[in-house]
Amino acid sequence: MVSMMDIDIKDEDLPFEDELQREPYKLRSWLRYIDHKSQTPTSRTLNIIYERAVRQLPGSYKLWKKYLDHRTLQLAKKKNPIVHPDEFKKVELCYERSLLHMHKMPRIWLDYLRFLTKLPDVGCVRRAFDRALRALPVTQHHRIWPAYLKHAKRVGGIVAERVFQRYLAVWPAQSELYVDYCLDTQQWGPAVWMLACLLDDVGFKSPRGTTVYQLWKQLAGVLKAQPYAVAEFSSYARALPKPRNSGNSSRLGGGGLDIEAILRDGISRFGGDQETGELWVALAGHFIARGEFEMARDVFEEAVAGGVRSVRDFSLVFDAYAEFEESAIAGAMEAQVKQAAAASDAVIIDSTDQDAALDLRLLRLERLMDRRPFLVSDVVIAQQPHSVQSWLKRAALWQAQSNRDKAVETYEAAVATVDPHRIPSGDGKVTDLWMAYAELLEGEGKFDQMRSVLSRAVSAATAVGSVAELADLFVWYAEKELALGQTERALQVLTQATAVPRAVASSFRKVDYRDESVSPHHRVFKALKVWNLLVDIRESMDDAADATRAAYDRMLELRIATPQTVVNYADFLEQHNYFEDSFRVYERGIEAFGYPVAIELWNIYLRRFVERYGAAKKERARDLFEQALDKCPEKYAKPIYLAYGRMEEAHGGGVARRALRIYERATRGVARDQRLEMFQFYAAKTAELLGPVHARAVYERGIEELGDAQALVLALEFALVERQLGEIDRARALYSYASQFADPRISPQLWSAWHEFEVRHGNEETFKEMLRVKRSVQARFNTDAQFLAALEIEKQQKQKLEQNQQQQKLGAASVSKSKDSGGFEGFERQQETQQAESVSAVAAAADNPDEVSIDFDDL
């Protein structure tokens, strides 16, 4: 027993000693004393206090834990247990004494086991781990096993094998830990055996989330990398635990593993949707390791001839196959060299068989390389049988080798296999196959066979995926016949395409070209591109005018004609002097198409009618213009009004007022945003035809009817005309009247024009009056909130209107642009030019003899 005299008790320790004498079983008193003594530099005194404490309180976990940590920390400077065995033995005995009371505490066991792993006695450590597992309940074993496995891996050998055997007997789901250990220590046999067991265990679920396919790949990777190291596994089969739920235990025989059966099972299981290239290579490597080279070659051939389903797997297997053949050739050549070197000059060696074998191997490798593009093509087609480009490349391979029969066979297989509705996006169309097939036959001069193929293509119900493809095929077929000079055959093809099928003969007008629920063969008769080619061929024939007219009429009847079709039909009739028929075609087109397309047709119709008859049928022309204006929306009416007035000027019999009445109607009949231009044009025409004085009424009515912004522009033009006519007072009155619309901040053009006017034609009083009016108008606009708001709204509407006009210009399909570049646009440009010229003519510069020059310095 440790006595009080064994330690050095100082005066500051007496209070703690007195407290312990009074309450020796109080844990807090011992902890306070220990904390107090821990500040001393000597550890012996602290060890004695710990010993006294644990003797008084042997069941205190906290005391034992602090004491053992303290004793272990003392050995930090004495790390070598061989040099200081006594010190380590003392600490070991402390742990043993603590376990007499703390044997259910896993933390104490873990600290003890970690301490023991520093000792050289491996058997002692193993027995301590076993004691810990026996002492602790099963629910605490998961804290001991990681340390035990770590120690077993460090020791290795039979110890590790036995430890893992015991561990897997309790925790079979953790078999992957043993696989990792075997792979880390390059024990390929046990690793393969355990992987085979896991794959054979139908109830195995990896705690790591590893899939069965990943386990197969891992097994294949080991067999592929180490084919020679995996031979017999009978010893491991006896030592390691068997799977509890064996699905095919015949592969785990007592004499070893059936590697071929295992790998083929994986190939058959994952060959449909997973990568199996590594499994094939591993299987071939297994036979190579066993020296069965012909079996390995058969495996490679089986794999590249259809066993793999992806290009990646094929590349992997093919590279391994080529490497195998190259190594076989290199081995044979090396053997020949060695044999030749070992033979003496006197001995004659017959090497004919060896040379033949080497030539055979070289020929086999060369043929393998030649087959590679075709094997790749087989894999790609097997992976995606509905890929048009894959089939075309396959046919091109045979054509490159001048193997016509195989190319034809490929095209036949392609058109029979490819489903138009299952072709990958962007991969082409099934019609590409038919066209390439026909071009192959055409290149060989077999035109009858080409026609037979194309006839099958346009007739087969599943030959195309859409009506557009079928129409393209008909057009391509007809163009081929035209290229061969067979115009009649081309017409027969197009007539077949445009004929109404019997299935829809009673309701062909109701058939919608874009209705995908109807078969393409029942809709192709409404394909515009087919009809356009048909009428083009008819027009090129000298004696086919009636047939051409019938074709155009049929297009109008089927309601597939476009505005361009109407114009082309009318041009064709005009070329054959059927003028009235051409005008009726325009009327049919106008009736069929609404605005804005109808305005373009009216444009061409009216211009050609006026050019044809001029003044001879002006009443009829007037009726046509009135019909055109009757239902025309305001925003499209301006060019018709201008053309109408132009016709009256040219062919109205010299009566100018009739044309001016039309222009007056136009100022009310066009859209609001176009009325200013129309008033300007009307005023210019009035001044040109009747004189400038008569134009005043036009300006006055325009200023009265237009909005403020447009009235301001017209008033400025009116004032300019009056100034150039010498009417100074009238011009000043116009400026004064228009000033009520002009905010000096937004419309400075009026004030600058008025200022320039007063400088040239006014005096001091009129100039001051102009300044007074400007100040009053500016004050009114500054305080008129309603006006400012309206101004902002008008500005936004103007911007929106400009955007709409730009969109209409970009989106308008101008029919007359391609056929008739004149049109109403020509009229507008002429009239705008005339407007500018007539304003200049009316406003001829006139000097004012009463002009007063006023400078700002004079005011």
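This is a predicted model: local features need pLDDT of at least 70, side-chain atom pairs count only at pLDDT 80 or more; totals for chains, interfaces and linings use all residues.
**View 1. Phe 88 and Phe 115 form a stacked ring pair.** Among the 30 aromatic pairs counted in the model, this one has ring centres 5.8 Å apart and planes at 20°; the pair is stacked because planes under 30 degrees apart count as such. Phe 88 belongs to helix H5 (residues 85–102) and Phe 115 to helix H6 (residues 106–116), so the contact ties together parts that are 27 residues apart in sequence. Phe 88 is buried, with a relative accessible area of 4%. Phe 115 is likewise buried, at 3% relative accessibility.

**View 2. Phe 129 and Tyr 148 form a stacked ring pair.** The two ring centres lie 4.5 Å apart and the planes are at 0°, so this pair is stacked. Helix H7 (residues 122–135) carries Phe 129 and helix H8 (residues 141–155) carries Tyr 148; the pair therefore ties together parts that are 19 residues apart in sequence. Phe 129 counts as buried, at 1% relative accessibility. Tyr 148 counts as buried too, with a relative accessibility of 1%.

**View 3. Ring pairs join several aromatic residues into a cluster.** The members are Phe 583, Tyr 586, Trp 602, Tyr 605, Phe 609 and Tyr 613. One of these residues, Tyr 613, also has Arg 612 over the face of its ring, at 5.7 Å from the ring centre.

**View 4. Arg 549 lies over the face of Tyr 578.** The distance from Arg 549 to the centre of the Tyr 578 ring is 4.9 Å.

Definitions and conventions
Residues are numbered from 1 along each chain as its sequence is written. Side-chain values use heavy atoms; hydrogens and water are left out. Rings of Phe, Tyr and Trp (its six-membered ring) pair if their centres lie within 6.5 Å; planes under 30 degrees apart count as stacked, over 60 as edge-to-face and the rest as tilted. Helices (H or I, at least four residues) and strands (E, at least two) are DSSP runs, numbered from the N terminus. Buried means under 20% relative accessible area, exposed over 50%, partly exposed in between (1.4 Å probe, protein chains only). A charge sits over a ring if NZ of Lys or CZ of Arg is within 6 Å of the ring centre and within 35 degrees of the ring normal.
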